[in-house]
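These are my notebook entries on a single chain, written while I went through its coordinates. I wanted to look up the rings, the charged pairs and the helix packing in turn.

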Amino acid sequence: MEQGHRDLLRRNRVSLLNANAAILLDHLYAVNVITKQMMEEGFSFKTNTDQMRYLLDLLPTRGPTAFWQFCNSLKETKQDWVYRLLVYGDEVLTSPVQVVDDGQYAEEKTTEQR
């Protein structure tokens, strides 16, 4: 992974923690970015936040195409707000769904102003 992509993941880490980790782990396994063992280790964490931390720490080790595969996975799994944040730097859109640590989701209908 390029240093610029690593920096993007680090700068946006807090926002990225709200992405749906379970579906990303499944998708990244399906497209051979992570192994089955890595996917299962990700699922061993109890909260979505911890699963995303694991995934964000793992991604930079997964080769030169991992960043774009991750972005594609975000788009394919309908997490466009995260995709736009990474690809376009669009900070206006916020997560339509906030992940609560017990695995439940609470809708959030607000947007931030620039």
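Predicted model: local features only at pLDDT ≥ 70, side-chain atom pairs only at ≥ 80, totals over all residues.

Entry: Residues are numbered from 1 along each chain as its sequence is written, and side-chain values use heavy atoms, with hydrogens and water left out.

I then searched for ring pairs, letting rings of Phe, Tyr and Trp (its six-membered ring) pair if their centres lie within 6.5 Å, and calling planes under 30 degrees apart stacked, over 60 edge-to-face and the rest tilted. The count by this rule is three aromatic pairs. In one of them, phenylalanine 45 and tyrosine 54 have ring centres 5.5 Å apart and planes at 35 degrees, so I noted the pair as tilted. Tyrosine 54 is buried, its relative accessible area being 12%. Another pair, phenylalanine 67 with tryptophan 68, is edge-to-face, at 5.0 Å centre to centre and 80 degrees between the planes. Phenylalanine 67 is buried at a relative accessible area of 1%, whereas tryptophan 68 counts as partly exposed at 47% relative accessibility.

**Entry: the chain overall.** I counted seven helices and two strands in the protein chain, taking helices (H or I, at least four residues) and strands (E, at least two) as DSSP runs numbered from the N terminus. Along the sequence the pattern reads α-α-α-α-α-α-α-β-β. Of the 114 residues in the protein chain, 41% are buried. I looked at contacts (heavy atoms within 4.5 Å) between residues at least 6 apart in sequence, and 58% of these join residues at least 24 apart.

**Entry: salt bridges.** How many salt bridges does the whole structure hold? I found three, requiring a side-chain nitrogen of Lys or Arg within 4 Å of a carboxyl oxygen of Asp or Glu.

- Aspartate 7 and arginine 10 meet through their side chains at 3.0 Å, N to O. They are three residues apart in helix H1 (residues 3-11), which means about one helical turn separates them; arginine 10 counts as exposed at 54% relative accessibility.
- Arginine 13 and aspartate 57 form a salt bridge at 3.1 Å, N to O. This pair links distant parts of the chain, with arginine 13 in helix H2 (residues 13-16) and aspartate 57 in helix H5, 44 residues apart. Arginine 13 is partly exposed, with a relative accessible area of 25%.
- Aspartate 50 pairs with arginine 53, their closest N and O atoms lying 2.8 Å apart. Both sit in helix H5, three residues apart, or about one helical turn. Aspartate 50 is partly exposed at a relative accessible area of 30%, and arginine 53 is partly exposed at 36%.

**Entry: helix H5.** Is helix H5 (residues 48-58) mostly covered or mostly uncovered? I noted it as mostly covered, since eight of its eleven residues are buried. The buried residues in H5 include Met52, Tyr54, Leu55 and Leu56.

Entry: I found H1 and H6 packed at an angle of about 45 degrees, their axes 10 Å apart; axes are lines fitted to C-alpha atoms, for helices over the stretch in contact, and angles run from 0 to 180 degrees between N-to-C directions. That makes H1 oblique to H6, where angles under 35 degrees count as roughly parallel, over 145 as roughly antiparallel, 65 to 115 as roughly perpendicular and the rest as oblique. At this meeting, His5, Leu8 and Leu9 in H1 touch Phe67, Trp68 and Phe70 in H6.

Within helix H6 (residues 66-76) I also looked up serine 73, which is buried with a relative accessible area of 0%. Leaving aside residues up to four places away in sequence, serine 73 touches Leu24, His27 and Leu28.

In helix H7 (residues 80-88), I listed Trp81, Val82, Tyr83, Leu85 and Leu86 as buried. The buried residues of H7 pack against H1, H2 and H6. Glycine 89 follows H7 and has a positive phi, near 70 degrees.

Technical notes
Buried < 20%, exposed > 50% of the residue type's maximum accessible area, 1.4 Å probe, protein only.
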